[in-house]
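Please open the model in your viewer and keep the selection panel at hand. The stops below go from a pair of helices to the ligand and end in a loop.

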Amino acid sequence: MKIEGSVAVVTGGGNGIGEAVVRYLAGAGAKVAVVDMSQKDLDRVVGDLKAQGKQAVGIQANVTSEADTARFIKAAVDAFGKINILVTCAGIIRDGTMLNLDKETGKVSRKLTLDKWQAVIDVNLTGTFLSVRDAAEAMVNGGWPGVLIPISSINKVGQVGQLNYSSTKVADALLPKIVVGEFQLRGIKNIRCVAIAPGYTATPLLKGMNQDALKAIVADVHLGRLIEPEEIASLIGHCVENEAMNATTVEITGGLCYPKGIAK
Ligand SMILES: NC(=O)c1ccc[n+]([C@@H]2O[C@H](COP(=O)([O-])OP(=O)(O)OC[C@H]3O[C@@H](n4cnc5c(N)ncnc54)[C@H](O)[C@@H]3O)[C@@H](O)[C@H]2O)c1
């Protein structure tokens with residue numbers, strides 16, 4: 001599949017991995033619909049692309065809202081006439097252990113709140129489902145060949161302090177198998193689904209993590225540094241172009257060996 005001339009929708013395209021994906025795909029000749037909650041970031045990214053002569057539109061939307069996902073898919077089709085690529089980079093973390101104990105009494109002093117649990121489920125799982133569902137609907141009805149790319153995480157294997165986040169990311173990693181199985185069942189042959197599971201990547205998201213824990217984790221990465229968002233974007237470009245990539249989740253971690261000496 002060619003990136004040049006295709007139309008891409010990227011959620012969470014205003015920052016981090018999403019922004020790098022938007023810039024990569026636009027650089028390779030795609031027309032891009034950039035979706036984000038942050039109008040300021042949309043203005044910055046889309047303004048920049050337009051100044052470079054690229055075709056881009058910014059759509060402010062919240063992926064947790066069914067009305068919004070329908071609206072941004074329609075806006076992308078209205079702007080560029082079709083959709084071929086969806087990358088769901090909108091994601092959040094709200095870290096915390098399920099239980100916190102009082103050091104003196106040993107009794108539970110604090111619990112992971114339902115708010116923190118629900119916020120992460122809503123954006124990372126429900127938002128991904130709605131975006132994938134509505135993009136697939138447009139591709140099927142429009143007869144456009146396409147690829148759906150949800151973003152999972154290496155923490156799909158389970159990370160202490162991220163019960164909410166890991167639960168969403170293991171579900172996102174399952175999506176390609178289920179969705180492509182469904183496409184096979186329904187005779188939908190021209191739409192693929194491939195998920196990407198990055199390791200620790202240098203984006204604003206990591207500012208919400210315990211920085212001591214992050215430092216310790218990076219010490220266990222064989223690559224010896226955080227992954228750059230552009231490295232994730234180039235893998236996504238490959239997954240778009242290589243039609244044999246399908247119904248799977250591809251890890252890109254730099255060699256995360258954690259706990260000590262064990263590759264995750
Ligand atoms: N950074 C990492 O180390 C890492 C590792 C593995 C997976 N991921 C995943 O990659 C994806 C992108 O992460 P990132 O590090 O680039 O994050 P980021 O915080 O840098 O960017 C996320 C973007 O999503 C937008 N967003 C958040 N909630 C939204 C919503 N409800 N609707 C629309 N937009 C929304 C934000 O405004 C922001 O621009 C996430 O799904 C994340 O879980 C990140």
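Axes here are lines fitted to C-alpha atoms, for helices over the stretch in contact, and angles run from 0 to 180 degrees between N-to-C directions. Residues are numbered from 1 along each chain as its sequence is written. This is a predicted model, in which local features need pLDDT of at least 70 and side-chain atom pairs count only at pLDDT 80 or more, while totals for chains, interfaces and linings use all residues. Helices (H or I, at least four residues) and strands (E, at least two) are DSSP runs, numbered from the N terminus.

Select helix H3 (residues 66-80) together with H4: their axes are 9 Å apart and meet at an angle of about 40°. H3 and H4 are therefore oblique to each other, a class left for angles that are not under 35 degrees (roughly parallel), over 145 (roughly antiparallel) or 65 to 115 (roughly perpendicular). Contact, meaning C-beta atoms, placed from the backbone, within 7 Å, involves Glu 66, Thr 69, Ala 70, Ile 73 and Val 77 of H3 and Leu 130, Ser 131, Asp 134, Ala 135 and Ala 138 of H4.

Next, select the ligand and the 30 residues around it, of which Gly 12, Gly 16, Gly 91, Thr 203 and Leu 205 come nearest; a residue is near if its C-beta atom, placed from the backbone, lies within 6 Å. Helix H1 (16-27) and helix H4 (114-142) each supply at least two residues of this shell.

Finally, select Ala 247, in the loop between helix H7 (229-241) and strand E9 (248-252). The phi of Ala 247 is near 55°, a positive value in a residue other than glycine.

Key
Contact = placed C-beta atoms within 7 Å.
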